[in-house]
Amino acid sequence: MTDAERERVAMFYAETYDDSVQDWPGEIDYYTDVAAQMRVSPASILELGCGTGRVLMRLAANAGSAVGLDSSPQMLEVARRKSTGLNNVRWIEGDMRAFDLGEEFGLVLIPGHAFQHLNTVDDQLRCLQCVRRHLLPNGRLLVHVDHQDIAWLAGITGREAGQFEARGRFTRLQNGHEIQSYRAWSYEPSSQTAVSEARWEELDADGEVVDAWQTARVRLHCVFRFEMEHLLARAGFAVEALYGDFHRGPLADDSSDMIWVASRAAAPGWRRTVRARSLLGAQQLAEADPAGWVSTAACLARQQAIHLGRVARFRRAA
Ligand SMILES: C[S@@+](CC[C@H](N)C(=O)[O-])C[C@H]1O[C@@H](n2cnc3c(N)ncnc32)[C@H](O)[C@@H]1O
């Protein structure tokens, strides 16, 4: 695909994104509610993979400041056009795996499965670590990803790429024409990757195809529940909640979505400090009195338990 064709397809995708994508049931109300409950009010909000601002635009009215970051200049062009007159919104072209905005936010959102564009553990961790650096100490991270449907994934496994199937129609608001969309999916189990190609045909009033667009292959990582839990923990987050829908229903076998709510875990530094101090002390005492090693270790373990109890009480009170 030439650069010019890639640009043409990206612009079409951006311009018709809002026409073709529907909100998830309860999605915007849920985000609005979480933003309203933040301790610092009005909340400052950062959305990663914000696209055309489908979500952020509707939270901005009640936000202190709202920043949308996306790697697609075409999506951001649409977002900027839509938000003329909203003074507290900024749109930033950037990569959610590597950004430094020099500020912290009360709420960081990664809605609409945007996190699934990150295809390696390294990419996912880099993104989450960036988020952690941009989150206020009592801030929240919300990540919305698919809950994997094994039966569907099995059905598209091993498929020849390029088997397009009709997916549905929507109206292109720009000119009122119908757009027929097609998708081709395949799944690579070893890398948990769903590979997708999209094709759109624009139909005139007689149903004749007057234009068409086709994307290159897009690779989407299929995140599984405990994988996400481990990722968040490795990146220094504590999971506050996991929902299977935007009405805060529990994750069930047939849930189609996972909504993760996380906050910054207490800095792992305090654990290391306690452990390092204990070990250093134990080593010094053991060197001075090798025979007393066992009782020294027991004594230090007790001191550490008392210290951890104090820390836990302090954290509960905070
Ligand atoms: C499916 S769209 C979701 C848009 C928006 N969050 C929504 O829910 O409507 C995914 C978005 O993620 C963006 N994206 C993909 N990889 C990205 C990256 N590494 N950094 C920033 N944005 C990225 C894409 O450009 C696209 O706009």
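Predicted model: local features only at pLDDT ≥ 70, side-chain atom pairs only at ≥ 80, totals over all residues.
1. **The chain overall.** Start with the inventory. The secondary structure comes to nine helices and 12 strands. The chain has 318 residues, and 27% of them count as buried.

2. **Contacts along the sequence.** Look next at which parts of the chain meet. Take the contacts with a separation of 6 or more. Residues 24 or more positions apart account for 63% of these.

3. **One helix pair.** Two packed helices are described by the angle between their axes and the distance between the axes. Here, find helix α5, residues 121-133, and helix α7, residues 225-234. Their axes come within 9 Å and cross at roughly 50°. Angles under 35 degrees count as roughly parallel, and 65 to 115 as roughly perpendicular. The α5 and α7 pair is therefore oblique. The crossing of α5 and α7 is right-handed.

4. **Who touches whom.** Which residues make the contact between α5 and α7? From α5 come Gln124, Leu125 and Leu128. From α7 come Leu231, Leu232 and Arg234. By class, this contact has four nonpolar residues, one polar and one charged.

5. **The ligand site.** Now turn to the ligand. How many residues lie around the ligand? There are 18. Gly49, Gly51, Ser72, Gly112 and His117 come nearest. The shell around the ligand has seven nonpolar, seven polar and four charged residues.

Notes
Residues numbered from 1 in each chain as written. Axes fitted to C-alpha atoms, helices over the stretch in contact; angles between N-to-C directions. Helix = DSSP H or I, 4+ residues; strand = E, 2+ residues; numbered from the N terminus. Parallel < 35°, antiparallel > 145°, perpendicular 65-115°, else oblique. Left-handed = near helix turned anticlockwise from the far one by under 90°. Contact = placed C-beta atoms within 7 Å. Nonpolar A, V, L, I, M, F, W, Y, C, P; charged D, E, K, R; others polar. Near = placed C-beta within 6 Å. Buried ≥ 20, exposed ≤ 12 C-beta atoms within 10 Å, placed from the backbone.
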